[in-house]
Structure formats: C-alpha cells, structure tokens
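Here is a friendly walk through some side-chain and helix contacts. Have the structure open as you read.

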Amino acid sequence: MENNVGMIVFILAGYNKQMEKFFEHNPGLDSRVPYKLRFADYEDPELLLMFERMVKKKYQGQMQTEEGFYGLYCRIAVRRLGRGRGREGFGNARALENMLCKIGERQAERIGKERQKGLYPDDFMLSKEDLIGPEPSTAVTESPVGRNFSLLQRELLEQKPQQVSLNRVFLGSPGTGKTTVAKLYGQILLDLGLLSNGEVVMKNPADFVGSVLGESESKTKAILASTAGKVLIIDEAYMLYGGRGGTSNQNDIYKTAVIDTIVAEVQSTPGEDRCVLLLGYKEQIVEMFQNVNEGLARRFDIEGAFHFEDFTDAELLEILDLKLKDQDLAATDSGKKVAIEKLFEDVVGCEDIVAKLGGFQETARKMKARNMDPRDKIPTNFIMKGPPGTGKTTTARKIGQVYYDMGFLSSTEVVECSASDLVGQYVGQTGPKTKKLLEKALGRVLFVDEAYRLGDGPFAKEAVDELVSMLTQPRFVHKIVVILAGYDREMNQLLAINTGLSSRFPEEIIFKNMSPAHCLEVLKKSLSKQKIRLEALDDRSSTPYHDMEKLLEQLSELPSWGNARDIGTLAKQMTNLVFTNLPDDEDPSAELTLGSDDALTCMKSMLEDRRERCTNISSPSRPHIDMQKMQQMAPSSPPPPPAIRTTQAVKRAQPKKKQAKRRHLRKLMRVIVESQTLSGVSCRRISRPLKQLKGRPETYNGSWKRDPSCQEAAGRTSSHSEARGRARAKEAAERARSCVSSRRPS
C-alpha cells in the first residue's frame, strides 16, 4: 500500500466482527485505510421493494400475490425475515432470495395437491399459504404448535409477536410422538421467522459427555455452535444427570460439565436464534432439574413443559390400521388366534399354558369389542415353578410375543436376569439397582431366573420389598410383564417371606417333568433338524421304542435329570455318533439314519454316567466298626494311665542326678529369699539373681532348666560337692546378716 499510493485502489470488504480482528492484527493497517464504509441491514420497506422486483424479474411480471405485493401477507413474510436483522450471518438480499425459493416450493406443493383433487389452480398466483406457510389452526392450544398459532393471530393483526423463549421440555413415554412434534415445531418456527434455519438436529447425551477433563465442555460448545438457528433435540436428556438413586460416581463430573456449559451458552433470551428441546420421561427429568445447576430451570421452563399422554386403545388401533394400510396389509381377530397356536408349535407338553394364554387373548378381544379396557382383567405378573429343562425360559419368550400382540407391551423382547442382578452389595445399592432393571424392562418382559435366591440375606429381601413397591406404581402397572421362575419348594418359601409378593403374583404356571413320550418327541425334532432319522421313533408300538421309554423313565427318576436340556445333550451325542461312523464316500444328499441299537447305547451310557454322578456326590458315611473284632484284639490287662500334661511341664520320673541338682538349687534359692531385705553395694551379687527370679514361680516346680539365671547358678554349684556348697551358703548368709545389722538405723 505504501509503495503504490496513487496507483492502486485497495478495497477491503468483510463482516464487521471479522474485519475488526483483521485490523487488530497490524496497527499500521488502520492508518493506511482511513476511510470505512459501513453497510447497515436493509429495513422492512426496502426488503419489501426488493421482494417485488425479484418476483417480477423471476417470473417476467406475470406472477401476482394475494392482496398485492404491498398487502398484508407480503408484509408479514418480509417482517418475519427482518426479525433476523442484527444477528450474525443475516443475509439481507441473499436471505430474501432464499425466502423466495421457499415460497416457490410451497406453491408447487399446493398446486400439485389441488390438481390431484381435480381442481384448476392459477399457476401465476402466490396465495396466503405460499407466502406465510400453512395455518396451524387445527392444533390444540396446549401444544407448541398451538402456541405458535397465537403468534400467527397477532401477525395477522399486524401486532408485534410476543417475545418468548423457544427452548422447551417435552415429557412423555416412548412412542408418544415427541420427536415428530419436535420436527414440526422447528418447521413452524422457521416459517414464522423465529429461526434462521429451522433444521432439526437429533443428539443423545453420549454425544456431549467426554472422557477426560475439559472434553465435555469443548464437545458441548461445538454442538451448540453448529446448531445456531436450528432446533437441537436432546433425547433422553435425563441421562445427563448421573446421581440417580443416591449413588455418586467420579464420572458424573463430566456430565455436570455438560449441564454447566449448556447453562452458560444457552441464555434463553427472547429473540435468540436457537431452540433447544429436552426430551425424556417425566420422573427422571424432574429429578434432574431438582439436583443439577439451578440455572437450567431458568433456561428451560419445567413448569410449562409439554406433556405427551399415552395413546388410548382407540388411537393405537387407528395407528395400527394406518401402518397396515401403508404396507398393504390387514389382520383379523381369527388370524391372531391362529398366531398363538403357531407360536407354541415348537413347545412340547404345554397344552395347559397354551389354553391359558389363549383364554387371555379371547378375553382381551371380547372386552375390546365392547369398548372395555382388558388390562385390569388380564394378569401381567407370573410365578413359574418346575424342574430344570421344562421350558420356563422358552415359555417366557412366547408370553412376550402374546402380550405384544394383545397391545400390552411395546416390544417382544425378554430381559433375562438372575436374582444377583437385583441385589446390591452394600447398603443403599439394592433399591436403585432393582429400579434401574425395571426401567430397562419397561414395555417388555422381565424374566428373573432362580428367583428363590431373593429370599437369602437382608439385601435380597430389600430387593423383594422394592419389587413389590414398584409394581404398584402407575408407571409400571400393566406396562411390564414380570416372571419369577424357580423350583417348586424354594419358590413357595420365597412367597412366604413377603405377603405382598404373593398378592402381586396371583398367577402360577406349573411345569412338570416331561413324560418319556414327550421326551422322545423332543428328541425326534432335534434329530430332524440335523436331517437324521431314527426309525424306532416312527413306530410307537415297536420294541426299541418301549425300551427307550423305560430308559428315559429311569433317567427321569434321578435327581439330576434336566428334561429337555438333557434330551438336547442326548441328541448331540447321537449326532456325533452318526457323523463319526459316516463313510467318506457317502452321498451328501443321502438321508442320514441312526440305528435303534446305537440310540439305546447312547441312552444307557447317559444312564450309567448319571447314576455314577449321584453315587459320587453322596456324602461319605463313617467306616463301620466291628465291635467283636475290636474286643478280640484288645489286651487282657488294662493299659497304663496316660501321662498328665500341663502347660508348664510334663510330670515324669526324674533321674537321681537331676534330683540332686534340684535340691541344691532349692537351697540356694532359699538363701537368696532370706537375703531379700539387704541393700547397698555389698548385697548386689545376692540381690541381682533375686530380681531375675522374682515373679517366676515356675522355677520352683521343675522348669528351672529353661531359666538362664537358674542354669548359671546350677553350673557354678555342680563343680563342688554338696557339703562345700552348703558351707558357702551359710557363710554368705552370715555376711548378709552382719551387713544388714551394721547399716540398720538406730
């Protein structure tokens, strides 16, 4: 610039904020570019004039508008566009071109619908619906669409629309239309000019939460920045609160950072070019608002949240008919009746269960035909009792399908768990754990296997109490099927623990051991799946068939018999036997057969193995004692008395030398005891061993060898004769007495 003054004209163009940063980069630019021209946003009259010229230029003056280019509807359209004035990124003339394109799209859609109805619309007329969008007059006033209808009424009266926050909270069960309404909400906000884009962006809490410090803040800021002017939907927003159930976790700091960032970035001021919707269940969302940053409640009006009620049976039936119509399908009540029979086709020996579930379906059908709710008359909680391998888990899956077909459940899925999945490991964990599992199984079947373990321990009983309490809450009543399964006697003990549990589970399904005929039928189906034929199973009057029945009857009498589970194991053994003996040159398309002798051999082998297991697991008995033989082996004379042992010593006969040393040591101790009143320097040699032996009575009862002082004294005296030792002891005693008498005070 400095070297080309008067030769080159430099024009620097850009947005205000970005150009200010550009000039701050080098202070010399401000002095070299002294002239600044600021272009303000177009006002509404200018935009209206530009709109007229654009329409006439695009359609060569043939296009007309309802009530003219300066009429009410054109003014409303331009006024909506002008609401973005002053915002960063407002396009002015470019935004006007985009609005004209949107108007053309609405016109084309309207003309196409009218021509399908046999009408003859004017192609060169922009109607009210084309200019300002469809009128949401059919919406209810409680919905977000209905509130925008009131804004439209103020626009038609040319009054300023009320400045309200666009952020909302949608509460309701899954499948009630929250996401669909959110998309419509964004489109209407775009048509009203309250948003610059109107695109709907779906996000989950996992998209916001980071794994390291600072990552949650950066991810949240990036998502909010990319959704400016759009509708941001945070589905299952309650998962941003990690403190449910009273438990704390260090990972909750990352979720807390997300909420704090949303509070800081989303100001929820009227006219803000952003719409954030929080979606979730009512109970969890309310709990989150009560325990997180208080600013969240000021950004999102929880008191004015939109509640999505559950559909009624009539509405669900209408939705079903619409979905069937979209797929060119139809279903009758008789077809549903046949479906349950096909459903239990692969289950053997469950005729009573099929009849019971068929009765439930018949009750539901007839009550719905009379516009009555069958939910109160059909049970949703079951107790399953029976030995292993009788089809409890398989039947639970079938029940999920049946209740889904009746409209009681939203999914055929079965959530399988054990008693340990409900029980916590410390105080305060069992309740939230049980609640979380029930919430996971909402709208599904919750199958608790080995449920009798819920009667063991205080934490398990707490799980039972929590289960009884939650099954009475409106949130779970008739919206979940709970099945407790286990052995007969243990399940009776469980029901006796809590009286409320028995009343919550009135229906019992009893499973019995499969008969040999049913077992052979299951075996035949299992082998047929592997394309193996056992000829003996085709003729029930044959001898091999009766032999198999007898072997299965013996197997069923064993305590470890697993019914269909063991039949499956038996089918695997037979299949392996067939393929092991199959020659290599066998035709792959040929039918595989299993001989009766081979099948009987497999059954006998299983019977021997199971009997051996029962023998090995029995508790070992005490060895038999033959008393007559013991009396013959016993000696005629009585045995000597046992030695008397104490904690101090063993009383035994002492040798003579040890007795002499013991007597000598006692005499020495007697002299020391008599001298315990002595004091002074001359008495130290006598008082020192006294202090060492004081408080040691064991030195007098034969354990002197373990005492070092006694061993030293015994070693000194053992080198002298007994007489000389006695004389030296008397001499020491006389010296001690004279010493005491000389130092005693007068």
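Is phenylalanine 306 buried or exposed? In this predicted model, phenylalanine 306 has a relative accessible area of 5%, and under 20% counts as buried, so this residue is buried. Phenylalanine 170 is buried too, with a relative accessible area of 0%.

**Aromatic pairs**

The structure holds ten aromatic pairs. A pair of aromatic rings is described by the distance of the centres and the angle of the planes. Two of the pairs are set out here.

| Pair | Centre to centre | Angle between planes | Arrangement |
|---|---|---|---|
| Phenylalanine 51 and phenylalanine 69 | 6.5 Å | 65° | edge-to-face |
| Phenylalanine 170 and phenylalanine 306 | 5.5 Å | 70° | edge-to-face |

Phenylalanine 170 sits in strand 3 (residues 168–172) and phenylalanine 306 in strand 7 (residues 306–308), so their pair links distant parts of the chain, 136 residues apart. These two residues also belong to one aromatic cluster with Tyr185 and Phe308.

**A helix crossing**

How do the helices meet? The axes of helix 9 (residues 215–226) and helix 10 (residues 252–265) come within 8 Å and cross at roughly 40°, which means that helix 9 is oblique to helix 10. The crossing is right-handed. On the helix 9 side, the contact involves Ser216, Glu217, Thr220, Lys221 and Leu224, which meet Tyr254, Ala257, Val258, Thr261, Ile262 and Glu265 of helix 10. By type, the residues of this contact are five nonpolar, three polar and three charged.

Definitions and conventions
Residues are numbered from 1 along each chain as its sequence is written. This is a predicted model: local features need pLDDT of at least 70, side-chain atom pairs count only at pLDDT 80 or more; totals for chains, interfaces and linings use all residues. Side-chain values use heavy atoms; hydrogens and water are left out. Axes are lines fitted to C-alpha atoms, for helices over the stretch in contact, and angles run from 0 to 180 degrees between N-to-C directions. Helices (H or I, at least four residues) and strands (E, at least two) are DSSP runs, numbered from the N terminus. Angles under 35 degrees count as roughly parallel, over 145 as roughly antiparallel, 65 to 115 as roughly perpendicular and the rest as oblique. A crossing is left-handed if the near helix is turned anticlockwise from the far one by less than a right angle, and right-handed if clockwise. Contact means heavy atoms within 4.5 Å. Ala, Val, Leu, Ile, Met, Phe, Trp, Tyr, Cys and Pro count as nonpolar, Asp, Glu, Lys and Arg as charged, and the others, Gly among them, as polar. Rings of Phe, Tyr and Trp (its six-membered ring) pair if their centres lie within 6.5 Å; planes under 30 degrees apart count as stacked, over 60 as edge-to-face and the rest as tilted. Buried means under 20% relative accessible area, exposed over 50%, partly exposed in between (1.4 Å probe, protein chains only).
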